[in-house]
Structure formats: C-alpha cells, structure tokens
Amino acid sequence: VAFTGHHWVSYGLLKMIVFLALGFVLSRRGINMTGNALITTIVGATVLSGLIIAGYFIRGAV
Amino acid sequence: VVYYRGDKAIIREGPWTFAHSFFMETKIHRFLMLVLLATFLPIAAYGDVVRKRATRHIILWTSALVVLLALAMEGKGTFISMGVKIAVLAKKYLGSLKMSAQETNTSTTKSTGAYVSGFATSYAISSILSALLVFPRKATKQFIVV
C-alpha cells in the first residue's frame with residue numbers, strides 16, 4: 001500500500017485517480033443536470049459524508 | 001503524515017486520547033474531501049464563467065465548502081495540539097501521563113473557545129458567500145467582472 005512512502009499518500013493518490021476516471025467516464029455519458037441539482041448533490045454529499053465520518057469515529061472514541 | 005507519529009504516541013498516553021481517536025481521524029478523512037473539492041473547482045471554472053450563472057453558483061458553493069472544511073480542520077488541529085500539551089503537562093506535574101477531568105477543565109475551556117471561534121468565523125464567511133449567490137444577476141456579473 002505504501003508505494004509512495006506512506007499509506008495516506010497512496011490513499012489520496014488512489015482517490016484522485018478514481019475521482020478523475022469517474023469524472024471522465026460520466027462526462028461522456030451526456031447526463032443532463034441543472035446547476036441547482038449539481039450544487040445540491042455536491043453540498044449534500046459533502047455534508048452527509050462528513051456526518052458519516054464523524055459518526056463512525058465518535059463510536060470509536062467513546 | 002511525516003511528523004505526527006511522535007505526537008500520536010504522546011496523545012495516546014495522555015488523558016485526551018480523543019484528540020487522536022476522534023479529531024485527528026476525522027481530520028485526515030475530511031482532508032481527502034477537501035482535496036476532491038479543490039480538484040473539482042478548476043474543472044467547474046473551465047469555460048465562460050462570466051456568462052454562465054449556474055457555473056458561478058457551483059464555483060461559489062464549492063469555494064464555500066472548501067473554506068468551511070479548511071476552517072473546521074484548523075479547529076480540529078487546536079484539539080490535537082492541546083491533546084499533546086495536556087499529555088506533556090500531566091507527565092511533568094503528576095509524574096504520569098494520566099490526568100483527571102477536573103484538572104483538564106481549564107485547558108478544555110480554552111480549547112473549546114478556539115474551536116467555537118473557528119466555527120463562528122467559518123459560518124460568517126459561508127454566510128457572505130451564500131449572500132453572493134442571491135445577488136441579482138446583473139450585480140453578480142459585475143462582481144465577477146470586477
């Protein structure tokens with residue numbers, strides 16, 4: 001896992017590659033989405049994933 | 001990533017183990033969200049931003065999320081550094097790395113204050129950015145052009 005020297009760097013790099021690859025594939029599928037729908041998706045995903053991360057580690061910390 | 005290992009060992013021996021088990025763990029995971037949003041920003045900004053109102057809104061919302069996440073990470077950093085300080089103080093004055101909750105009260109109050117002020121600042125900045133989104137089209141256009 002630590003082919004970059006640290007597993008967190010590898011993890012970040014892997015995430016970037018997946019993000020760019022998915023973005024490339026999905027952008028070619030011609031998905032129609034309004035600006036507001038995209039904003040809602042981005043903000044919703046960020047908030048929801050933040051809450052999931054916090055919930056998971058609250059369980060671990062208690 | 002490089003220097004945290006030593007701090008982590010100190011925090012784990014001290015009374016504020018949650019500085020690592022909650023604050024550092026959530027911080028490193030949310031950092032990756034920040035990286036993805038920061039990568040998305042120039043992609044969203046590509047093209048004619050001035051004429052496309054929806055694109056401007058997407059950029060502003062993403063920027064607001066980046067600012068909020070960055071400030072939240074700063075707030076978490078406060079707890080992590082306090083976790084190290086409290087562990088070192090406990091060892092110095094008590095001879096042990098463990099300290100009672102009562103003895104850590106003063107530090108807790110100070111740290112919580114810093115955390116709350118961090119969130120207040122981030123809330124203020126996000127409010128300003130959100131206010132920009134409801135500007136009339138002409139005003140927003142002028143703002144972007146200027």
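Trainee: At what angle do helix H1 (residues 7-27) of chain A and H2(B) pack?

Mentor: About 35 degrees, and their axes lie 11 Å apart. Helices are DSSP runs (H or I, at least four residues), numbered from the N terminus. Axes are lines fitted to C-alpha atoms over the stretch in contact, and angles run from 0 to 180 degrees between N-to-C directions. The model is predicted: local features need pLDDT of at least 70, side-chain atom pairs count only at pLDDT 80 or more, totals for chains, interfaces and linings use all residues, and side-chain values use heavy atoms, without hydrogens and water. Residues are numbered from 1 along each chain as its sequence is written, while chains are lettered from A and ligands numbered from 1 in the order written.

Trainee: Is the crossing of H1(A) and H2(B) left-handed or right-handed?

Mentor: Right-handed. The near helix is turned from the far one clockwise in that case, or anticlockwise by less than a right angle in a left-handed crossing.

Trainee: Which residues make that contact?

Mentor: Contact means heavy atoms within 4.5 Å. Among them are A:Trp8, A:Tyr11 and A:Phe19 of H1(A), and B:Leu32, B:Leu36 and B:Phe40 of H2(B). The classes are 11 nonpolar, three polar and one charged. Nonpolar covers Ala, Val, Leu, Ile, Met, Phe, Trp, Tyr, Cys and Pro; charged covers Asp, Glu, Lys and Arg; the others, Gly among them, are polar.

Trainee: How many residues does H2(B) have?

Mentor: H2(B) has 27, residues 18-44, and reaches 37 Å between its end C-alpha atoms, close to the expected 39 Å. The expected span is 1.5 Å times one less than the number of residues. H2(B) also bends by about 30 degrees at B:Met24. A bend is the angle between axes fitted to the seven residues ending there and the seven starting there.

Trainee: How does H2(B) lie against H3(B)?

Mentor: Their angle is about 160 degrees, with axes 9 Å apart. That makes the two roughly antiparallel. Cut-offs: under 35 degrees is roughly parallel, over 145 roughly antiparallel, 65 to 115 roughly perpendicular, the rest oblique. The crossing of H2(B) and H3(B) is left-handed. Their contact has 21 nonpolar, six polar and three charged residues.

Trainee: What follows H3(B)?

Mentor: B:Gly95, with a positive phi of about 75 degrees.
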